[in-house]
Amino acid sequence: MVAVLPAYNEASSIGTLVAELVRLDDPPDVLVVDDGSTDDTAQVAAHAGARVLALPFNCGIGATVQAGVAWGLERGYSLIARLDGDGQHDPHTLSALVALVEADRADFALGSRYLQKKGFQSTLMRRLGSHWFALLLRALSGLRITDPTSGCWVANRRAAAVLRAEYASDYPEVDSLIRLARSGCRIREEPIAMRARAGGRSSIDAVRAIYYMIKVTIALVIGRVEERAGGSAGGDA
Amino acid sequence: MLELYQWVAVVASGAATFLVVELIRRRRIQHVLWLPWLFAALVPAVLGVWIRPWAKLARFLGILYQPLLLVALASLLSFAMLLYLSVVVSSLIRKNLVLAQELALLRSRFDEANRRREPTG
């Protein structure tokens, strides 16, 4: 398995996270995808024992994760995991997600902050946003997901191939869940505990959170219309 | 004989057309983009010289102040141009991201191949 850590200016936290991952009982290979950082993220990650994939300039979270997934698929990994580079996901929680996929109970195992409400809880605005997207996902696609904006997951090669083919460039989490469901991938959630950021600064402030909610809501609705149009076209053929 | 305002429209249109043609000649504007700009540059001359058909069309549409038809047309043209440019820029952003990913993956493969070639020991 390879653990993909997208990182942008996370020099203060990435080293600790990589060290935690390589110290696990069954350590995965670790790939830090450096999204054009202007600090020493790449050097710190490499020094801590990670492989580094360096994007030539800042491409955004979607392209960064997708590049990591492509790297993992090219090298034949059977499982690809993703954790945030800010250290908010505890690497020990990966094992439960891996177990789900390895037991063939899911193609895509998603870590949920809200199934058991353990550990650090994000801001009220973000929690409201997550609940709103969960409702929308359920209404539009029938998916029952409690934490649709989670950035902690494990995918097998089938699900990873779907993400490699198409991944929204910004705020991609909710969109990718719809794509995975449409492709017939089985999605399951498992509780995870979050931690406070080890360092750096979140890229999502209040204004961006509102922009995120509006943009993703419109994308979800358009996606649903597209799906219906595709269904009708298929039926006519 | 043309009125003064018609001459102004023809001269302004000629200057705009010259500018667009010059940019095309110097290859400062790509082929997917120059056709709409050339069209936009020529429109004022056409509208300035053949004003009667436009006035008739405005009357037919029930527009009391006929120049408003030209304002509406200009707004529509601006909207179409901006939309077209947004489509082109979106396509470029997508291609740019793919190129950045491919570059990073190739660099990674290259580094790995170099490491394998280095003597160990």
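I count a residue as buried if 20 or more other C-beta atoms lie within 10 Å of its own. The model I am examining is predicted.

**Chain B**

With that criterion I looked up burial in chain B: of its 121 residues, 7% count as buried. I then turned to its secondary structure and found 4 helices and 0 strands. Read from the N terminus on, the elements of chain B follow the order α-α-α-α.

Next I checked the overall dimensions. Along the principal axes, the C-alpha atoms of chain B fill a box of roughly 90 × 30 × 15 Å. The radius of gyration of chain B is 25 Å, whereas a compact globule of 121 residues would have one near 14 Å.

Of the contacts with a separation of 6 or more, 59% are between residues 24 or more positions apart.

**Chain A**

I repeated the look-up for chain A, which contains 8 helices and 7 strands. Chain A has 237 residues, and 46% of them count as buried. For contacts in chain A between residues at least 6 apart in sequence, I noted that 74% join residues at least 24 apart.

**Where the chains meet**

How many residues does the contact take from chain A and from chain B? I found 13 residues from chain A and 8 residues from chain B.

Definitions and conventions: Residues numbered from 1 in each chain as written. Chains lettered and ligands numbered in written order. Predicted model: local features only at pLDDT ≥ 70, side-chain atom pairs only at ≥ 80, totals over all residues. Helix = DSSP H or I, 4+ residues; strand = E, 2+ residues; numbered from the N terminus. Buried ≥ 20, exposed ≤ 12 C-beta atoms within 10 Å, placed from the backbone. Contact = placed C-beta atoms within 7 Å. Rg over C-alpha atoms; globule rule 2.2 N^0.38 Å.
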